[in-house]
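Okay, thanks everyone, let's get going. I'd like to walk you through some helix packing and then a ligand site.

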Amino acid sequence: MFSIFKLPVAIEFPGDAEDFQEDCSRQAPRRVSDFPVQATRRLGADVEEAPANLARNEGGLQFSVSEINEYYTKTKPRLAAFNPAAVSEAAARTEPSRFARFLMWGYALAVRIRRLLPWLFLPMLFAAGLLEIALLRLVLAVRPPERTGLHERSRPIVRELVDQYPFGAYAVVWKSLQLGYLRESLPWSEMHRVVEAAIGEGTFSARVFQERLKVDGMDINPISLKKAAVLPHVQRALVCDCTEPPLHPGSVDLLISNNFLHHVTDKGRVLRNWSKVARYCAFNDCTPDWSRALPPSWILRKVGLIGLSNRIAAVVDTLGAQSLQPREVLEATVNEHFEVVSSASFFSARTYCIANVYSLLCLHMGPIPEEIKQCLLHPWLRRMSTGLTQELCDLLIQFDSRERRDEDVALCYIGRSRSVAASPRQQGLRCECGGEVNEGGECNACALRYSCVDGMWFILPAHLKYVEANYDPRAAAEFPREHL
Ligand SMILES: C[S@@+](CC[C@H](N)C(=O)[O-])C[C@H]1O[C@@H](n2cnc3c(N)ncnc32)[C@H](O)[C@@H]1O
Ligand SMILES: [Zn+2]
């Protein structure tokens, strides 16, 4: 079974629980410490815990043992995608609480039902869509929306996204507002050398940059990156660890990273690394309401079952490899490394909850699963699906424009680095040893050779070399182009 995270969310593709098992037996992370320690803690696992915040240094890369992003760098590239089965596997080996096990078991069952009977879900989606549209119109008639600012600017963007995310109200509203913000606020005139960290399959990046600029795209997952590598605005594709990008200090005008920071526990370390290489950084994160405002937790919270609501949210965070901090904690870290030149927040917990009803109806934790999406895009249904999605998302954005901004789930920042080198000594890629990697992929200092496979440079430290070894161009070619 495949499942890939979009924003902080998953879609799934038929396949490979078995692949995962096989993969595990070949190269299984067998030790508890091979999985996010934070995850196992949150699941209530009774395991021998690695000391929290103990910094390790592997291949020159500093990270804390409770770094949730290790899940991506160690497990995901091998699996090609995020996989709930993989998380359950990990959890099973680390003895999760009975409650977590029950939720995961239910989720696995839902996935199977959905795959067998995707059409079953359509009447519910259409009925919910029509009902929400009627209710939102009523509410907006009583209290009209704001007609200025980010929300108003983002409304026309909705139509660019509805074909990619039919009934994916969460993804469409989030990405429309994020695009509305970035297109307006990026320091376009100062951006010459731009890199995008964790670019994924590049569809969102293409919408940000359109024809305006070319970027170097970086990601740890070569299967996703391969799709980005062939897009016209991507001039070079680098498989690397974006928590410590292989760039020289001060060598970049802008480092942009969309929908990535929420997968990082030690945000300070990553923001510090970024602030050293780039004059400007643009990035976003989520508040803990990303999981707490999903309909099940939200409803439980509203009826006073706070404990249960929190426990469900914690399991969802784990399944989503999320590490979320309160807004003020995040902003203190951001301010330490950047002078914030622009920021925005959107998607109140309430709007977010309403937009996520469609995922819940699909018994899913993220955007509409691929098999249901294909049914919605059937030639007989396409116009109706996309038309309803457009109307619904337009109304949700209007609804969100009147909400209190202190309850927003999505936070975006553009910052000027406080510590970037004024004049870069080197412009090319940085080897693990700190030397310069030349055009032919060889380090001028230590003579280490990096390779270019399938149009992508693999600039990986020793402990991540398996990402390159496991890359299979044929499997990558079979993977859907749009998957995030
Ligand atoms: C939620 S997706 C976002 C993709 C894209 N920016 C977008 O907005 O559609 C997160 C991406 O982060 C990548 N990623 C996770 N950990 C990484 C790491 N340590 N280094 C580089 N990329 C990483 C994943 O492979 C995935 O493509
Ligand atoms: Zn070197």
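**Helix pairs and the ligand shell**

Contact here means C-beta atoms, placed from the backbone, within 7 Å. Helices are DSSP runs of H or I with at least four residues, strands are E runs of at least two, and both are numbered from the N terminus.

Quick caveat: this is a predicted model, so local features need pLDDT of at least 70 and side-chain atom pairs count only at pLDDT 80 or more, while totals for chains, interfaces and linings use all residues. Residues are numbered from 1 along each chain as its sequence is written, and chains are lettered from A and ligands numbered from 1 in the order in which they are written.

Back to that pair. The contact of α12 with α16 splits into three nonpolar, four polar and three charged residues. For the classes, Ala, Val, Leu, Ile, Met, Phe, Trp, Tyr, Cys and Pro are nonpolar, Asp, Glu, Lys and Arg are charged, and the others, Gly among them, are polar.

How are α12 and α16 angled? α12 (residues 267–277) packs on α16 (residues 327–337) at about 25°, with the axes 9 Å apart. Axes are lines fitted to C-alpha atoms, for helices over the stretch in contact, and angles run from 0 to 180 degrees between N-to-C directions. α12 and α16 are therefore roughly parallel; that label covers angles under 35 degrees, with over 145 roughly antiparallel, 65 to 115 roughly perpendicular and the rest oblique.

Next, α20. Helix α9 (residues 169–185) and helix α20 (residues 382–401) have axes that come within 10 Å and cross at roughly 55°, so α9 and α20 are oblique. On the α9 side, the contact includes Val 172, Val 173 and Leu 177. That contact has eight nonpolar, two polar and no charged residues.

Helix α6 (residues 122–142) packs on α20 as well, at about 35° with axes 10 Å apart. By class, that contact has ten nonpolar, two polar and three charged residues.

Finally, ligand 1. Of the 22 residues around it, Tyr 72, Ala 198, Gly 200, Asn 221 and Cys 242 come nearest, where "around" means a C-beta atom, placed from the backbone, within 6 Å.

Notes:
Contact = placed C-beta atoms within 7 Å.
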